[in-house]
Amino acid sequence: MAGKFTHWNLPKLRSARRIEYDVRANWKLIFENYSECYHCPLVHPALSKLTPYDSGENDFCEGPFLGGFMPITKGQSLTMSGNACALPVGDIKAEDHHRVFYYSIFPNMLLSMHPDYVMVHQLWPKSADRVLISCDWFFHPMPSAARTLIRTMPLNFWDMTNRQDWHVCELSQQGIASRAYRPGPYSPRESIPAAWDREYLRAMGEK
């Protein structure tokens, strides 16, 4: 994965904003939620308008790095308006100008690479049913006035989307805590969560 995105100039990017979330859910549920978009039409209507939930293609399907891309079919980026909020983050290939790459990086990072910014989640478990999540938005260095203007565009969009995800993860946590809970099978659209489970079991020495 290290050589796959060298043209994105990631080391040159700087965090323009960080939001921290205190989520009442097990940290593994956050990975499970991030690793599929089967839930997106009902949970994320704004996101689903810009990038269809069933359009993803995965290029890492086993191991500690998992994920792939989803096309942006409406607009130029994932912002409230659908407009790009900054210059491209690097020398991005033509087709990648209309894609968002989503990768889970075991054990505690979620990497979301957009054409004009990069979003990074770091997960810090505090207990079996609580996790602190730090979310940073990265851009090319720019004057402070411009940074203040543009950082609100993706920040507002993803802060809304993040909170939608954390809410359903907390509901899942409540369901799992029920004595009536019985685990069920993944759907065919949830191959990446299943692969993440296998990687976790390998890390724990159980598989």
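Rings of Phe, Tyr and Trp pair if their centres lie within 6.5 Å. The views below come from a predicted model.

**View 1**
Across the whole structure, a search finds 18 aromatic pairs.

W196 is buried, with a relative accessible area of 4%.

**View 2. R18 and D136 meet in a salt bridge.**
The structure holds eight salt bridges, and this view shows one of them, between the side chains of R18 and D136. The N to O distance is 2.8 Å. This pair links distant parts of the chain. R18 sits in strand β1 (residues 14-23), while D136 sits in strand β7 (residues 130-139). The two residues are 118 residues apart. R18 is partly exposed, at 43% relative accessible area. D136 has a value of 5%. It counts as buried because that value is under 20%.

**View 3. D22 and R130 also join strands β1 and β7.**
These two residues form a salt bridge, with the closest N and O atoms 2.9 Å apart. D22 lies in strand β1 and R130 in strand β7, so the bridge ties together parts that are 108 residues apart in sequence. D22 is partly exposed, at 38% relative accessibility. R130 is partly exposed too, at 25%.

The side chains of D159 and R163 meet with an N to O distance of 3.1 Å. Both residues lie in helix α4, which covers residues 144-176. They are four residues apart, about one turn of the helix. Is D159 buried or exposed? D159 is buried, with a relative accessible area of 16%. R163 is partly exposed, at 47%.

**View 4. Four residues share one salt-bridge network.**
E62, R198, E199 and R202 are joined into one network. The link comes from salt bridges that share partners.

Conventions:
Residues are numbered from 1 along each chain as its sequence is written. This is a predicted model: local features need pLDDT of at least 70, side-chain atom pairs count only at pLDDT 80 or more; totals for chains, interfaces and linings use all residues. Side-chain values use heavy atoms; hydrogens and water are left out. Buried means under 20% relative accessible area, exposed over 50%, partly exposed in between (1.4 Å probe, protein chains only). Rings of Phe, Tyr and Trp (its six-membered ring) pair if their centres lie within 6.5 Å; planes under 30 degrees apart count as stacked, over 60 as edge-to-face and the rest as tilted.
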